[in-house]
Amino acid sequence: QVQLVESGGGSVQRGGSLRLSCIVSGYSDSNSCMGWIRQAPGKEREGLATIYRTHGSTSYTDSVKGRFTISQDNAKNTVYLQMNNLQPEDTAMYYCAASGGRIWPPSLCSTRMTFDYWGQGTQVTVSS
């Protein structure tokens, strides 16, 4: 059974940083894609960043490029999202997600991807 467990959310002031973690279990790494997605109240879900686990290649949506970094530690079965220079508009519930099955070519692992497995989410609140 695939399980994704996020942690690391919290409340910070404008310009602050947070690092989100997603521990993955029951999931094969072969040719898979993982991502971070957020949803703010009254807004549509937004794909933020993805990582193709075999190659480590990444992609980002424009609104977080240069501020957020997705990474992985395969030994710990963990995917991270480092978030710097946080702004009030970054306030949302942040979710970790994973693809089901083999993803090929790697270019399909993008912020537009539809994911099959989701964590429970972690709240990020940025005050001004």
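Guide: Let's start with a term: buried means under 20% relative accessible area, exposed means over 50%, and partly exposed lies in between, using a 1.4 Å probe and protein chains only. One caution: this is a predicted model, where local features need pLDDT of at least 70, side-chain atom pairs count only at pLDDT 80 or more, and totals for chains, interfaces and linings use all residues. Residues are numbered from 1 along each chain as its sequence is written, and side-chain values use heavy atoms, with hydrogens and water left out.

Visitor: Why does Cys33 count as buried?

Guide: Its relative accessibility is 0%, so Cys33 goes down as buried. Cys109 has a relative accessible area of 7%, and therefore is buried too.

Visitor: How do you know that a disulfide joins Cys33 to Cys109?

Guide: The rule asks for a pair of cysteine sulfur atoms within 2.5 Å. For Cys33 and Cys109 the S to S distance is 2.1 Å, so the pair passes. Cys33 sits in strand β4 (residues 33-39) and Cys109 in the loop between β9 and β10 (117-118), 76 residues apart, so the link ties distant parts of the chain. Strands here are DSSP runs of E, at least two residues long, and helices are runs of H or I, at least four, numbered from the N terminus.

Visitor: What makes the disulfide of Cys33 and Cys109 right-handed?

Guide: The torsion about the S-S bond is about 75 degrees, so that disulfide is right-handed.

Visitor: How many disulfides does the rule give?

Guide: Two. The other joins Cys22 to Cys96, again with S to S at 2.1 Å. Cys22 belongs to strand β3 (residues 18-25) and Cys96 to strand β9 (residues 92-98), 74 residues apart. That link is left-handed, with -75 degrees about the S-S bond, and both Cys22 and Cys96 are buried. Number the bonded cysteines in sequence order and the pairing reads 1-3, 2-4.

Visitor: How many helices and strands does the chain have?

Guide: Zero helices and eleven strands.

Visitor: Why is the chain called as compact as a globular protein of that length?

Guide: Its radius of gyration, taken over C-alpha atoms, is set against the globule rule, 2.2 Å times the number of residues to the power 0.38. The chain comes to 14 Å, close to the 14 Å the rule gives for 128 residues, so the label holds. Of those 128 residues, 45% count as buried. Along its principal axes, the C-alpha trace spans about 40 × 25 × 25 Å.
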